[in-house]
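The paragraphs below go through them in turn.

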Amino acid sequence: MLNFSGKPRGGAGLAPALALIVTLGFAGPVEAQQFPAFRQALAEQVSENSKVSAFYRDTDYAPLWTGADSAARREALLSALSRAPEHGLPAGRYDLPGLIAAFEQVESERDRALLEAKVTKVFLQYARDITSGVLDPRTIDRSIVRALPRPDPEELLHKLHQSPATSVLRNLIPVAPEYGRLLRARKALEEVIAQGGWGARVPEARFAPGTSGAEVVALRNRLIAMGYLERSAAASYDSALQMAVMNFQINHGIDADGIAGGATIRALNVPPEERLKSVIVAMERERWLNIPRGERHIWVNLTDFTSKIIDNDQVTFETVSVVGAQADDRQTPEFSDMMRYLEINPDWTLPRSILARSYWGALASGGARHLQVVDARGRVVPREAINFARYTPANFPFNVRQPPGPSNALGEVKFMFPNPYAIYLHDTPERHLFRTTVRTHSSGCIRLNDPRDFAYELLSRQTDDPQGLYHRTLNTGQQTRVYLDEPVPVHLVYRTAFTNVRGELNFRNDMYGRDAKIFEALRRAGAVRDDLRI
């Protein structure tokens, strides 16, 4: 199987044309004052960007790239740009051939100033792309509401001025181990594609222990090609083949029963080009989340229907989850925030969207008696005192709530990271939903299969008896907030390609269709090879 837990491979080095540019002779930075044409032209070229202009003023317009002592900096940048396609970056944005030509065509100090400004612009564009993404996700899908960690141009240029360029450029690459593993996965899949893929498709059938024949051989060959099975000529569905099928199912989010039925065969027959698409998108998503994630943090992968507590890159707790339904107005958004408290014995105040969609008719006709109508001060308003015909869900002047209790829609506990989207993690009385495979059933919030154990783990950092604290609070029957001594970062992510703790590549379905939009946007931006036929 595809495993990417090893160290990244080194690059191929600069092409001869690039090496020539590195050694071109230019005036040194201390000589900049002797070239007023250079200073004036450079000031004009960078004047539209206040951050870049401020940097060059601070350094008295000394050249970063075109000085006699700038060879190492040029080499580092040109080397990085030559490797941009490996990261799925749009190499056309940086126009490396045009940059090489510009170096070769400098004939005056004004030309040199124009080149200096051009290289700085290219560097900043590259730094922005590799650090925090080629795209702005808010223009792709309104449910991706991430604040991107865009680098500050002035700070970047000062770092480049004061530190070795190789280290500055290296530090631009996302540091999360997952990014490196995805980078290697991309390379491996490209090699598979170049070699013709994983072989013949597996016939659509049901394979179980005891099955034999040519169709089993086709299944075995496909799993061998994908790295799930050692080479063998056996034509029967033996225990080794069953184990390989189970591992494949686990890595593709399929019930791991060891029987290759319809869902398993469909996943096996997905071509490597499609899998590469998922990896390319996952790398862009990693760049969007290139922030400190917290030594302890909560990681909710919507496509995997799991919620995890992670401590120092190790999963310390995991539970299956239910996420937002696939309808546009019920999908769970993607964002990061801070979990600050647990609410035990919560009530449920209905969002207006849910009130309008699911409860208004019943409420207005005297039904839904489990719900209370309350005013702004939290006092219960008798329904008989309300003329529902005067209102719509949009202008209804009261809130509608379900009080705490065993049938409350939020169960016995919710986990709060206050946000504008009214999204949180919580318990649920609808236990049967966790037995489904595609758990897209909520109105946007994340429901946990093991909320008590989740709470115990969170509280274990601030009490020697987390279970006792939880149950003493629960037994009061009173709505109670228990604040976390140390707020925990929460990351709601959407990854259809990711690696597990063993470095094995996993895939999930693009249930909301977001990855398809991102890939198409990356294609339009020039971040995908023209010969990648997906």
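Rings of Phe, Tyr and Trp (its six-membered ring) count as a pair if their centres lie within 6.5 Å; planes over 60 degrees apart make the pair edge-to-face, and planes under 30 degrees apart make it stacked. The model examined here is predicted. Searching the whole structure on this basis gives 17 aromatic pairs.

One of the pairs is formed by Phe55 and Tyr56, with ring centres 5.0 Å apart; their planes stand at 70°, so the arrangement is edge-to-face. Phe55 has a relative accessible area of 0% and is therefore buried. Tyr56 is buried as well, with a relative accessible area of 0%.

Another pair consists of Trp360 and Phe396, which is edge-to-face because the planes meet at 75°, with the ring centres 5.1 Å apart. This pair links distant parts of the chain, the two residues being 36 residues apart. Trp360 belongs to helix α14 (residues 352–364), whereas Phe396 lies in the loop between β6 (372–374) and β7 (399–402). Both Trp360 and Phe396 are buried. The two residues are also members of one aromatic cluster, together with Phe388, Tyr391 and Phe398.

Conventions: Residues are numbered from 1 along each chain as its sequence is written. This is a predicted model: local features need pLDDT of at least 70, side-chain atom pairs count only at pLDDT 80 or more; totals for chains, interfaces and linings use all residues. Side-chain values use heavy atoms; hydrogens and water are left out. Buried means under 20% relative accessible area, exposed over 50%, partly exposed in between (1.4 Å probe, protein chains only). Helices (H or I, at least four residues) and strands (E, at least two) are DSSP runs, numbered from the N terminus.
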